[in-house]
Amino acid sequence: MKTVSSLSDLRAARLSLDGTVGLVPTMGYLHEGHLSLVRQAKAENQHAVVSIFVNPTQFGANEDLSKYPRDLERDLSLLEPLGVDLVWTPTAETMYPPGCQTWVEVEALTKGLEGAMRPGHFRGVTTVVAKLFNATQPHKAYFGQKDAQQAAVIRRMAADLNFPLEVVVCPTRREADGLAMSSRNKYLSEAERKAATVLFRALSAAKELYEAGERDAETLRRKMKEALSREPLARMQYVSCADYDSLEELDVIKGKTLLSMAVFLGKTRLIDNFVLE
Ligand code: AMP
């Protein structure tokens with residue numbers, strides 16, 4: 001496993017990889033969710049490349065950039081046994097050279113949900129992912145369903161900008177009690193960690209209604225709100241029952257649907273979602 005930081009070293013290392021390459025972009029502090037993406041990339045390609053970069057442009061002014069957890073040594077020790085070929089750990093100066101003024105922006109898909117709560121977030125995500133794609137030239141790129149809107153936005157960007165690659169979306173990995181794995185779970189106090197299962201419980205309650213035949217989207221949203229309101233440590237930011245492709249809020253559920261939510265546990269903001277097929 002080779003680890004490089006500069007763009008010239010990355011390009012040289014990429015040139016030495018013959019055959020297909022799968023890219024897994026991450027912000028590090030890796031957990032089993034990230035590793036499942038890496039395993040899939042390794043299984044489906046001759047080489048796996050992982051990027052580790054805490055991207056400043058996707059954090060809002062009042063968000064947690066400076067205290068975002070980092071542990072490169074631990075990350076590398078988790079990636080090595082998976083047979084990763086190349087790890088790229090660029091600096092902010094490499095990704096955003098002095099004077100840079102070029103951005104990639106996906107329009108309608110970024111207006112709602114996370115985009116509405118975190119202005120500028122997706123502009124940062126799409127810009128950095130476009131740079132990662134250009135630099136690493138992957139055949140396939142792997143993203144988690146955990147960040148459902150991000151996956152939809154990246155898929156749109158890759159199609160719109162004619163990137164010659166396939167975007168692969170992998171299932172959400174969860175702890176035994178249902179909490180979606182996230183680097184941010186580390187911020188939770190013991191009590192908040194217990195309370196955090198409320199996201200999974202609220203999504204499950206709505207899914208149960210759906211499976212019993214309910215197709216009124218507002219009824220599902222209400223069910224999720226009720227479940228969240230029963231947890232005193234949780235503060236709902238939004239719940240959504242939206243069309244899977246357009247991400248527009250639904251009145252009546254017809255096709256593939258995304259149930260999603262953002263919830264604060266103390267100062268920690270968690271997101272989660274279920275897909276109704
Ligand atoms: P991050 O380091 O948070 O930017 O995440 C890097 C990639 O891992 C993104 O594509 C995420 O959607 C994905 N990911 C994060 N958590 C999970 C999870 N619990 N299960 C599957 N994929 C995940």
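Helices (H or I, at least four residues) and strands (E, at least two) are DSSP runs, numbered from the N terminus. This is a predicted model: local features need pLDDT of at least 70, side-chain atom pairs count only at pLDDT 80 or more, and totals for chains, interfaces and linings use all residues. Residues are numbered from 1 along each chain as its sequence is written, and side-chain values use heavy atoms, without hydrogens and water.

**Ligand shell**
- The ligand is surrounded by 17 residues (near: a heavy atom within 4 Å).
- M27, H34, D147, R173 and M181 are the closest.
- At least two shell residues come from each of β2 (21-26), α2 (32-44) and β5 (140-144).
- With 3 residues, α2 gives the most.
- By class, the shell holds 7 nonpolar, 7 polar and 3 charged residues; Gly counts as polar, and Asp, Glu, Lys and Arg as charged.

- A polar backbone atom of M27 is 2.9 Å from a ligand oxygen.
- A backbone N or O atom of G144 lies 3.0 Å from an oxygen atom of the ligand.
- A ligand nitrogen is 2.9 Å from a polar backbone atom of M181.
- The protein buries 93% of the 480 Å² that the ligand exposes when taken alone (Shrake-Rupley, 1.4 Å probe).

**Helix α1 (residues 7-15)**
- L10, A13 and R14 are its buried residues (under 20% relative accessible area, 1.4 Å probe, protein chains only).
- They fall within an arc of 100° seen down the axis of α1, so they line one face of the helix; the arc uses directions from the helix axis to the C-beta atoms.
- S8 and L15 are exposed (over 50%) on the face turned away from the buried side.
- Cover for the buried residues of α1 includes β1 (2-4), β2, β4 (86-88) and α6 (121-136) (contact: heavy atoms within 4.5 Å).

Technical notes: A polar contact is a pair of N or O atoms within 3.5 Å; within protein, one must be able to donate a hydrogen and the other to accept it, and residues adjacent in sequence count only if both atoms are side-chain atoms.
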